[in-house]
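Welcome! Please take a moment with the sequence and the 3D view before reading on.

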Amino acid sequence: MAIGLSHGGTTIYSSSSPSKEILVGTREGVVTIARASSGSEWKVTQRAMTDKHISAIIKEPESGLTFAGAFHGSVHASADNGKSWEPRDNGLTQTDVYSLAAQRINGRARLFAGTEPAHLFISDDLGSNWKEMPSLRSVPSVPKWSFPAPPHIGHVKHINFDPDNPATIYASIEVGALLRSTDGGEHWEELSGLYEDVHRLMIHPRNPKFLYAVTGRGLYVGPDAGARWDQWTKREDEIGGYPDGFVFRPSDPKVMFMTAAHDAPGTWRTSHFAGARISRSMDGGRTWEVLRNGLPDRLQASIEAFCLEETGNSTAVFAATTAGEVFCSEDLGESWQKIVTGLPPISKSGHYRNLVAA
């Protein structure tokens, strides 16, 4: 099996055996890295769509197809684990794709694509045809949706689903709001009480009413389906004030990992330094420890793609940076190895540009 490592795609995998290939979404296409037979060495084996800046990679399990979204580059599908790709974007009126997701609804696969400007599209025929869910843009906060960097337009950064009810969808708008639909996207509501720069919404797998919202000012938790929010990490915390990546171990969701830059990307224009860290919580997000063994204390680059794969008793965590590096831990974060270097930037949109200078 091959898994994807991308900014706006799948981040948590449960597999029957450790994957030997990873499809990495980079500034210059999808780069496949493969594990050597020895098990510890990885190398680049394939490059595809090198003219596209890849934003998101997902797999639709029933069809076996892999889908990739691209910034200013639409949606593409692969039937051979990323070796070749074809565009699948008929009806996609916005082609600056930030996030992709797939869900089984009424026995059929439905694909979701979130774009900039912030629109949401769905496909019920594996991407051959798309239609917009315009109700996403009917909530009161739409006129305020924006983004600090030019062209100052908000986007759908993350899409997630209630594990017990796939008709309940969450859309994270950066910068703007956390939205929820309980009827498959026909109607939407805004969840209030948290910082409006919402990076991603994660849901406790055993208690879908317990929500984790990763924002530009830290981690918020909504213990009652978002009726109220408590802020558990803040800008000044040692783990980093600008979190983004967030994963948990499916079999033991108290074990969590989060990535965070030292400060917001606006500071990178002058500092050229993200100061990124990876932290771990063993108590469901209440307390965090910075992980260092094999990691620089603060990475100059930003960690822009993050995923976890659990296979039986083993768990691997992968982190990819704007400097084209991939780090891996196979002991729940106790130690890390840099398994690949020299890739094109792994980056959300233009984040990498301000981090070129060391």
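Below is a short briefing on strands, cysteines and salt bridges.

This is a predicted model, in which local features need pLDDT of at least 70, side-chain atom pairs count only at pLDDT 80 or more, and totals for chains, interfaces and linings use all residues. Residues are numbered from 1 along each chain as its sequence is written, and side-chain values use heavy atoms, with hydrogens and water left out.

**A buried strand and its neighbours**

- Helices (H or I, at least four residues) and strands (E, at least two) are DSSP runs, numbered from the N terminus.
- Let's begin with strand E7, residues 65–71: 7 of its 7 residues are buried, so the rest of the structure largely encloses this strand. Buried means under 20% relative accessible area, exposed means over 50%, and partly exposed is in between (1.4 Å probe, protein chains only).
- In a regular strand, side chains alternate between the two faces of the sheet.
- Both faces of E7 are covered: Leu65, Phe67, Gly69 and Phe71 are buried on one side, and Thr66, Ala68 and Ala70 are buried on the other.
- Two strands pair if DSSP finds at least two bridges between them. E7 pairs with strand E6 (residues 53–60) in the antiparallel sense over 7 bridges, and Ala56 stands opposite Gly69 in E7.
- The hairpin of E6 and E7 has 4 residues between the strands, and Gly64 takes a positive phi near 80° there.
- E7 also runs antiparallel to strand E8 (residues 74–78), joined to it by 5 bridges. Here Phe67 stands opposite Ala77 in E8.
- The hairpin of E7 and E8 has 2 residues between the strands, and His72 has a positive phi near 55° in this hairpin.

**An open sheet**

- Another place to look is an open sheet of 4 strands in the order E18-E19-E20-E21, with antiparallel pairing. Strand E18 (198–203) and strand E21 (230–231) stand at the edges with a single partner strand each, so one side of each has no neighbour in the sheet.
- Strand E19 (residues 211–215) and strand E20 (residues 218–222) pair in the antiparallel sense over 5 bridges, and Leu211 stands opposite Gly222 in E20.

**Cysteines**

- How many disulfides does a search of the whole structure find? The search finds 0 disulfides, a disulfide being a pair of cysteine sulfur atoms within 2.5 Å.
- The sulfur of Cys307 has its closest cysteine sulfur in Cys328, 9.0 Å away, which is too far for a bond.
- Cys307 counts as buried because its relative accessibility is 0%, and Cys328 counts as buried at 6%.

**Salt bridges**

- The structure holds 19 salt bridges; each is a side-chain nitrogen of Lys or Arg within 4 Å of a carboxyl oxygen of Asp or Glu.
- Arg180 forms a salt bridge with Glu189, with the closest N and O atoms 3.0 Å apart. Arg180 counts as buried at 13% relative accessibility, whereas Glu189 is partly exposed at 35%.
- Arg235 and Asp263 meet through their side chains in a salt bridge (3.8 Å, N to O). This pair links distant parts of the chain, 28 residues apart: Arg235 is in the loop between E21 and strand E22 (242–249), and Asp263 is in the loop between strand E23 (252–261) and helix H1 (268–271).
- The side chains of Lys338 and Glu325 also meet in a salt bridge (3.3 Å, N to O). Lys338 is partly exposed at 44% relative accessible area, whereas Glu325 counts as buried at 15% relative accessibility.
- Salt bridges with shared partners join Glu238, Arg277, Arg292, Asp297 and Arg298 into one network.
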